[in-house]
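Here's a quick briefing to read with the structure open beside you.

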Amino acid sequence: MTIIYLTLCWTGGIVFAELLDERWPYGIAATILACLLVVFRDRKDWRLYIACGLFFALGALRLQEALPEKSPDHISHLNNQGIVTIFGVVWDAPDVHETYTNVRLKADEAIWLGKQQPREGLVLVRLPANTHVQYGDRLLVTGQLFPPPELDTFSYQEKLAREGVFSTMQLQTFQKLDEHQGRWWKKDLLDLRDQTRGFIEDALPEPQASLLSGILLGDDSRLSEEVRDSFNTTGTSHVIAISGFNMTLIAAIVKSLLSSLLPKKSWAIFFSLVVIVLYTIFVGANAAVVRAAIMSGLLITADGMRRKTYAPASLAFAALLMSLLNPYVLWDIGFQLSFAAVLGLALLVAPADKAFRKFMQHHFGKSAGGEASKFLSEPLVVSMVAQVSTLPVILFYFGRLSVYAPVVNLLIVPVQSFVLILGGMATLISFIYAPAGTLLYQAAWLFLTWTTTMVRTFAKLPGASLEIFLPGWFLMLCGMSAIGLAFLTATRPRWYENLLKERRQQLNLIPKFVLPVIGTVILGLIVQALIRQPDGELHVVYLDMGQSNSALIESSDGAVFLIDGGRYPTRLLTELGDHLPPNNRQIDVLWITSDQPEDISALLTVVERYEIKAAITSVGDTTEADYYNLIQALQQDKTPIIQAEAGYQIQTGDGVQMTVVAPQVDANSLVLRLQYGESVFLFTNSLDEDEEQALLTDSRHLVQANVLQTADHAAPDSNSAAWVEAVNPQVVVVQYDPASRDPGADSGVMARFSNRSVYRTDRNGTIELVSDGKRLKIYTEEN
């Protein structure tokens, strides 16, 4: 238990130093505490407390010294300094993608301002796709250096800095100067990996070849985005990466084979660990692979020694060792996932398996239930324990829950041992006689195809991956509480035993009340996530906001646009609650097409209740108080406000395109064109005859649309015959309130739409149009 306490203090010191972000004299503190530990070494009651303080100070000191000091010759000093030419060596295997290749270049010289000078440090360089470069190649690259970017979801700059990379290059030209400039043994290992990948790609089609490369080599770079996303969606991405799962499975297979051949179980464990070490070296021994090897090795050893207390202590020692080598590993998502998974597998599989067997025997009979539980235990119990153990980490970083993960894991985990055995044997035999290895690859193809088919099928089901939003502090509390409880249950220190005896009644309330409350919270979030999830289609909702041309747009992937909002806050909030997922409190773009109160008064309440990522308007000088208050509220929230003119365009990742058709400069009303595939929507708040004519003259090709939102609520003298003929809509939407003092739905104007499908909010209520990019479906609140 002592090593656990010391590790907790060590990691606590690292986190403290990171949060404080100031240089404190941790070395002096550690020296004083070390002296005190020597002085009071015979005082058992003080010794542990002093040692914990010492490890806390040492952890803080280790973090303080972690980031490399950049010398005056460091290449990062040329960031944002214009064109630079760098000489350097490719220092790792190139990271190959479909559209580009990333290489890490170890610089030794640079030419800047016409002067050649020695430089040092790593640079991340993005080369064109299909560029043939290898580890050890000496390159000459020319371009501009920039610090790594800060992304929306995480700090890419911070991640690369922890790996010693402070510069990225925007490339102009490059040239290969020489080869074989790296370490010979690393080059040989990478060549061996490339040869193995060549055997696999020669024998198997896609995506089976890339999947097997990911499973055996940890290289999934050639796996298509669609297949990779399917694995992520179904919670089975552990299959396509070198993880604790793969390592443990490989070692377990070797241990199982050797146990029947060797006289002692300890020998089987030893050779299993040897296999893990050799396999780690073979696949590259990068940080993620080493982490997986350490974690799986500890699990195999702990299982062999049959000591429950060994796993937590060993896991703590592993965390201490890995954070000693690199203290920033504590912030690495992969480390956190591996730590949580291995801890759960070490401590929870046995009781979960026992409960599962008991359940099966109770419901299906002792004989049948026992046999069924033996078959289902590994794929079901192990995968469920791993998923439950890692759930807080996944929700904290990604906010997503894979609903079908237990089912998919149940279907694919049992065949992964066959994939590893057949794929590994095929690879070994291919080095001796390739045609024989090809036959074994064909046997592996069957199980690889089963894996990809199941994963891709379930990924296409509705609700396969749900967005679950929980406060970060809540997830951290749950995760830390679970880890603490697992350690205490496994080690059972004396003070914990005394607490159980003294507070038994109070502790019994936890499973009766606390756990059901947490379970109900999670269930509520899952149900919320199931409601109105993005369904792969565009939804355009014309809101019944009275005399206001307000519309809500949700793209096929869930991007949300709101156009105006009317003057009734409660009605607008209700409409948003009815048409957006309950857990969505974000509007990506707010389009403000007018400064008039009847169009925007309700938006102030929306700004208070929702996070607005960006606001776009064309309004210039105005005396309208409501518009002024709205802009002020957006500015207080630090929302970017864009002043748009004709030609401004936004396109989402799923192909939805919004274009500003009007105004030209110094006009106070937006005309917007929304396109998704063959479906085109035209939003017109207010247009007079002169503005219509200007659009027909300058932008006639942009006004043609399938769906037209009438300007000025179809008031007299609006929507001229020439305009309607030029737009040529199939569907016309009129947003009109008969109780308004402003005119609308004029009979003369409505007559111009006589041969088209017309929908009116005063008769049909809220109107929703759904498009898959080709066909339109129309739903109304009232028939």
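How many residues does helix α1 have, and how far does α1 reach from its first C-alpha to its last? Helix α1 runs over residues 2-20, which makes 19 residues, and spans 27 Å, close to the 27 Å expected at 1.5 Å a residue. Keep in mind that this is a predicted model. A search of the whole structure turns up 14 salt bridges, and a handful of them get a closer look below.

**Helix α1**

- Several α1 residues are buried, including Ile-4, Leu-6, Trp-10 and Ile-14.
- The buried list for α1 also has Thr-7, Cys-9, Thr-11, Gly-13 and Ala-17 on it.

**Surface patches**

- Leu-278 is exposed because its relative accessibility is 54%.

- As a general point, side chains of opposite charge can pair when their charged atoms come close.
- Asp-92 and Lys-186 join through their side chains in a salt bridge, at 3.7 Å from N to O.
- This pair links distant parts of the chain, 94 residues apart: Asp-92 is in the loop between β1 (83-90) and β2 (95-96), while Lys-186 is in helix α5.
- Asp-92 is partly exposed at 35% relative accessible area, whereas Lys-186 is buried at 18%.
- Glu-537 and Lys-777 make another salt bridge with their side chains, at 3.3 Å from N to O.
- Glu-537 is in the loop between α18 (504-530) and β10 (538-542) and Lys-777 is in strand β26 (residues 776-780), so this bridge ties together parts that are 240 residues apart in sequence.
- Glu-537 counts as buried, with 17% relative accessibility, and Lys-777 counts as partly exposed, with 36%.

**Salt bridges: a helical turn and a network**

- Asp-194 pairs with Arg-197 in a salt bridge, and their closest N and O atoms are 2.7 Å apart.
- Both residues are in helix α5, and because they are 3 residues apart there, about one helical turn separates Asp-194 from Arg-197.
- Asp-194 is partly exposed, at 34% relative accessibility, but Arg-197 is buried, at 10%.
- Asp-137, Lys-176 and Glu-179 are tied into a network of salt bridges.

- For background, most residues other than glycine have a negative phi, and most peptide bonds are trans.
- Leu-113 has a positive phi, near 55°, and is not a glycine.
- You'll find Leu-113 in the loop between β3 (100-112) and β4 (115-118), and Leu-113 is exposed, with 69% relative accessible area.
- His-180 is another non-glycine residue with a positive phi, this time about 55°.
- The loop between β7 and α5 holds His-180, which is exposed at 55% relative accessible area.
- The peptide bond joining Glu-206 and Pro-207 is cis, with omega at about 5°.
- Pro-207 belongs to the loop between α5 (184-203) and α6 (208-217).

- Where does Leu-177 lie? Leu-177 is part of strand β7, residues 165-178.
- Leu-177 and Leu-139 are 38 residues apart in sequence, but their C-alpha atoms are 5.4 Å apart in space.
- Leu-177 is partly exposed, with a relative accessible area of 39%.

Technical notes
Residues are numbered from 1 along each chain as its sequence is written. This is a predicted model: local features need pLDDT of at least 70, side-chain atom pairs count only at pLDDT 80 or more; totals for chains, interfaces and linings use all residues. Side-chain values use heavy atoms; hydrogens and water are left out. Helices (H or I, at least four residues) and strands (E, at least two) are DSSP runs, numbered from the N terminus. The expected span of a helix is 1.5 Å times one less than its number of residues. Buried means under 20% relative accessible area, exposed over 50%, partly exposed in between (1.4 Å probe, protein chains only). A salt bridge is a side-chain nitrogen of Lys or Arg within 4 Å of a carboxyl oxygen of Asp or Glu.
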